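Student: Can we go through this structure piece by piece? I'd like the cut-offs spelled out as we go.

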Amino acid sequence: MTSPLITASAAGTWKLGDRTVNRIGFGTMRLTQHGEALTPGAVPRDRDQAVKVLRRAVELGVNHIDTAAFYFSPLRSANELINRALGPYPDDLVIVTKVGPGRDPSGEWTAHATPGQLRGQVEENLRQLGRDHLDVVNLRIVGAASVAERFGALAELRDAGLVRHLGLSNIQPHHLAEAQAIAPVVCVQNMYGVGASPEQADLLRLCGEQGIAYVPFYAIAGQGRTAGATAGESDEVRAVARAHGVSTAQVRLAWTLHRGPHVLAIPGTGDLGHLAENVAAGSLRLSPEELTALDSLRRTAT
């Protein structure tokens with residue numbers, strides 16, 4: 001007797017602007033290479049394998065894919081892989097990209113885009129993805145400086161029809177209010193997971209109050225960030241995983257989804273087995289006692 005196939009619909013749905021997505025999505029940051037992401041000289045992943053993972057994600061009900069033009073390794077580009085694997089795109093597929101940072105052809109980071117350079121980054125995403133508009137574009141920032149001028153530039157591209165919806169990434173609470181005064185924000189993409197600080201939780205709560213999707217990154221990797229989950233796992237997470245017969249990564253994903261109906265997950269992988277596990281995490285229901293135990297792992301600072 002085989003177990004029933006668990007699809008992304010098990011996690012429920014939320015809306016990104018006028019588009020409904022399953023709360024378990026797929027992030028492409030780790031898809032283009034083996035080992036740590038976003039590093040010059042990384043070993044490229046096999047193209048056919050990456051294509052299989054993307055197609056399988058859609059077969060499993062994933063209709064929310066996160067990407068960026070700066071997600072690439074030598075010979076591989078996340079946007080190009082998406083285009084090859086999924087074009088012509090299903091009507092219900094929402095592709096979310098981000099602009100702001102940039103990398104030169106060698107993979108080294110360049111200065112963040114100025115307002116005048118953001119149109120070029122949007123057009124590059126359009127070209128790579130083979131689209132005439134982008135579903136959602138997140139402005140990713142570093143630091144506490146004003147986002148008004150840069151977000152205003154993206155709002156103009158939205159008015160011109162190149163972008164359908166706008167979001168923010170790696171922000172502080174005041175950035176959200178500043179952007180909302182310019183144009184609607186449909187999602188906030190910030191680092192968040194088991195062990196999140198009260199400050200991180202406050203922003204998640206603020207988004208929920210405003211009906212804005214909150215999309216954690218590094219929900220599995222935690223402090224491992226682009227290198228993946230390299231640190232030792234806590235006893236509390238391991239205990240919950242044993243009780244349910246699942247992996248610790250699945251527990252971490254399930255915990256984030258329990259934070260509110262507006263929380264979306266975008267775990268990434270280049271492995272078909274891990275993909276199935278990540279999608280199945282959307283069906284994992286944690287008890288109040290388990291949630292309390294995991295909540296106790298909060299840090300005191302971001």
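Tutor: A polar contact is a pair of N or O atoms within 3.5 Å; within protein, one must be able to donate a hydrogen and the other to accept it, and residues adjacent in sequence count only if both atoms are side-chain atoms. This is a predicted model: local features need pLDDT of at least 70, side-chain atom pairs count only at pLDDT 80 or more, and totals for chains, interfaces and linings use all residues. Residues are numbered from 1 along each chain as its sequence is written, and side-chain values use heavy atoms, with hydrogens and water left out.

Student: OK, what does the side chain of S73 reach?

Tutor: The backbone oxygen of T32, at 2.6 Å.

Student: Is S73 buried or exposed?

Tutor: S73 is buried, because its relative accessible area is 5%. Buried means under 20% relative accessible area, exposed over 50%, and partly exposed in between, with a 1.4 Å probe and protein chains only.

Student: Which residues does S73 touch?

Tutor: Leaving out residues up to four places away in sequence, S73 touches T32, Q33, A42 and P44. Contact means heavy atoms within 4.5 Å.

Student: And where does S73 lie?

Tutor: In strand 7, residues 72-73. Strands (E, at least two residues) and helices (H or I, at least four) are DSSP runs, numbered from the N terminus.

Student: What about strand 9, which residues are on each side?

Tutor: V94, V96 and K98 are on one side and I95, T97 and V99 on the other, all of them buried. In a regular strand the side chains alternate between the two faces of the sheet.

Student: Which strands does strand 9 pair with?

Tutor: Strand 6 (residues 64-66) pairs with strand 9 in the parallel sense over three bridges, and I65 has I95 as its bridge partner. Strand 12 is joined to strand 9 by four bridges, also running parallel, with N138 as the bridge partner of K98.

Student: Now helices. At what angle do helix 3 and helix 4 pack?

Tutor: Helix 3 (residues 115-129) and helix 4 pack at about 45°, with their axes 9 Å apart. That makes helix 3 oblique to helix 4. Axes are lines fitted to C-alpha atoms, for helices over the stretch in contact, and angles run from 0 to 180 degrees between N-to-C directions. Angles under 35 degrees count as roughly parallel, over 145 as roughly antiparallel, 65 to 115 as roughly perpendicular and the rest as oblique.

Student: Why are helix 7 and helix 10 roughly antiparallel?

Tutor: Helix 7 (residues 235-244) and helix 10 (residues 288-295) pack at about 155°, with axes 9 Å apart, and are therefore roughly antiparallel to each other. The contact is made by E236, V237, V240, A243 and H244 of helix 7 and E290, A293 and L294 of helix 10.

Definitions and conventions: Two strands pair if DSSP finds at least two bridges between them.
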